[in-house]
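Colleague: Before I use this model, I would like to know what stands behind the words used for it. Please give the cut-offs as we go.

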Amino acid sequence: MNLLEVKNVSKIYGGLKALDDVSFDVKKGEWVAIMGPSGSGKSTIMNIIGGMDTASEGTVILDGTDITKVSDRALTNIRRDKIGLIFQQFHLINYLTAVENVMVAQYYHSMPDEDEALAALERVGLKERARHLPSQLSGGEQQRCCIARALINLPSLILADEPTGNLDEKNESIVLDIFKQLHNEGATLIVVTHDIEVAEQAQRTIVLEHGRLAKIVDNTAHKNENARSDFGDQSGLGAYGKPKRTS
Amino acid sequence: MFWRMVRGTIFRQFSKMLMIAVTIALGASLATAMLNVMFDVGDKVNQELKTYGANITVLPKTSSLISDLYETEDGSDGAQDTGQYLKESELGKIKTIFWAYNIVDYAPYFNTNVTLAGKEVPLTGTWFSYTLDLPTGESVTSGINNMKTWWDVEGEWLTDAEEDTAMVGSTLAESAGIKVGDTISVEVAAGNRDFTVKAVFVSGDESDDAIYVPLAAAQALAGKEDAVSSIDVSALTTPDNDLARRAAKDPSSLSVKDMETWYCTAYVSSIAYQIEEVITDSVAKSVRQVSESEGAILDKTQLLMLLITILSLIGSALGISNLVTASVMERSKEIGLIKALGGKNGAISWLVLTEILLTALVGGVGGYFAGIGFAQIIGHTVFGSAISVKPMVIPMVAVMVFAVTMIGSIPSIRLLLRLRPAEVLHGR
């Protein structure tokens, strides 16, 4: 059963087509990676799926609702109730502690519950650091706090934008382990990345190029090496090799 | 959670919030100072103008009619011609009217003509510093000593008990060769009477040609006990407005509600009306020059204060607008994140407004007390006395601070509403 259906979506900024007739779907409980080089439209499609931007053309059906046709207010409710967002830059509120950052999502969803927020932090291995400010946390810890915030309201879809982009290998591994655990528990994950190793963890990889859908790779049907070869040979990612780390 | 976020913002952006508080405090302090001065300036200017004499003259009805016919300001001649007088025994009633406490001073006059060295000269009997027992059991001291403060007196003011003493106007004293300490003999139909000259005065008006004696002495000379030709009243009044002007023409033309308002306001016309009610067969009139001067000065002063208040509030609103907009721009990622998490525009606007309003509350309270200080500086510098603090200014300043803060926040709220999470979180 599809949780998300993206049909012929285009996004035009001024005269520039950031997305051009992109279509794909994501099943409930599926882990999908979206890959592509810079400027390929990865973040744009993530913003549209996440209800933070609107498509110029096409439809996006999330959990049975066409989110391209709803009002701003309804879109806000969809973001609040159905989507958990994980950012590359973490976007934690720097004057609130880790647990308070998680509670912010609860506050705008329903009611803040500190015990629940602490449980979410415990799940990502951050309970001991719950009372620390973001400035007192490492990048990996901040990202785990961001994940706890995304999970707290039990969203239908977890959208992660370059979740490991600012992390070292150790923290990347911790974050991927959390994603695996979530996936095993039945969560639907869409991870935008240009890290092949991250993409390989997903069941399918949607490859974008110049705003167009280049291909969809079924990772479960390929062995890792084959999949890597597919990305390298056909998506153009081979030119980028192992993605650069920004921190 | 809400208050944690509010507290966090206020302390995190402490310097910016402090600037907003200071901006609001400046506006609030000016508004407080100007409003307190504005509400107090009426009494201050009134008190200043009281030194220039009475603002109400009470005449017998008949002499008032004659003075109207001949357009004279002073009805004293008319009083003599008509033979109608007011009663000295009723003077205490003036201090029993609704606005009794606004009656600062009053003095009766009895005018007659006497012959001095073969020449007819006016003689006026009056109170100098007369203590009168009121029907209420209180006593009040009143007379021209306090009302004619601009008189230049050589010698001593008279006392009401010394009925054989006189003050002589400078013109008459010069023409008749009278000096302080001389004894003058005045002739009336009933005979002669001697007075010791205790003072020669310069008034700058027709009084310089007259002799002033205690009221009882003048009444005795004319054989008119209890008679009074006119009364000058000095009262603290509220500047006239349309209602007062309509009432002054014809109080009976007012509706019951207007009549109540007018009667219970210290307009010169309503005080005059109330004096007429207690003094038999009298007409009380405002002395136009004085009351009009009061009105004009007050109107202009209050307009100036109002303009300064409005300008200071506009300045505050502009300052707040810039500072709050800068604050929202600085927090655009945080606001974008809250929107991405499902925060509605209303909830985020309320969060920002609460932060600003709390800051405004601190600034407003600080500004209010600073404003009281400014008002005292203005009071002592301009009027030489303290400005009384009016409690009614508190709600007015509160409303102004609230309005200015809300108006100043409009651009930042508009900016906040336009913020799209994708733009601020991903640079789209």
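Modeller: Two residues are in contact if their C-beta atoms, placed from the backbone, lie within 7 Å. The model is predicted, so local features need pLDDT of at least 70 and side-chain atom pairs count only at pLDDT 80 or more, while totals for chains, interfaces and linings use all residues. Residues are numbered from 1 along each chain as its sequence is written, and chains are lettered from A in the order in which they are written.

Colleague: What share of the contacts in chain B between residues at least 6 apart in sequence join residues at least 24 apart?

Modeller: For chain B that share is 77%.

Colleague: What makes a residue of chain B count as buried, and what percentage of the chain does so?

Modeller: A buried residue has 20 or more other C-beta atoms within 10 Å of its own, C-beta atoms being placed from the backbone. Of the 428 residues in chain B, 43% are buried.

Colleague: Why are helix 8 and helix 9 of chain B called roughly perpendicular?

Modeller: Helices are DSSP runs of H or I, at least four residues, numbered from the N terminus. Axes are lines fitted to C-alpha atoms over the stretch in contact, with angles from 0 to 180 degrees between N-to-C directions. Here the axes of helix 8 (242-249) and helix 9 (256-263) of chain B come within 10 Å and cross at roughly 100°. Roughly perpendicular covers 65 to 115 degrees, and therefore the two helices of chain B get that label.

Colleague: Which residues make the contact between them?

Modeller: Leu243(B), Ala244(B) and Ala247(B) come from helix 8 of chain B, and Asp258(B), Thr261(B) and Trp262(B) from helix 9 of chain B.

Terms used: Parallel < 35°, antiparallel > 145°, perpendicular 65-115°, else oblique. Buried ≥ 20, exposed ≤ 12 C-beta atoms within 10 Å, placed from the backbone.
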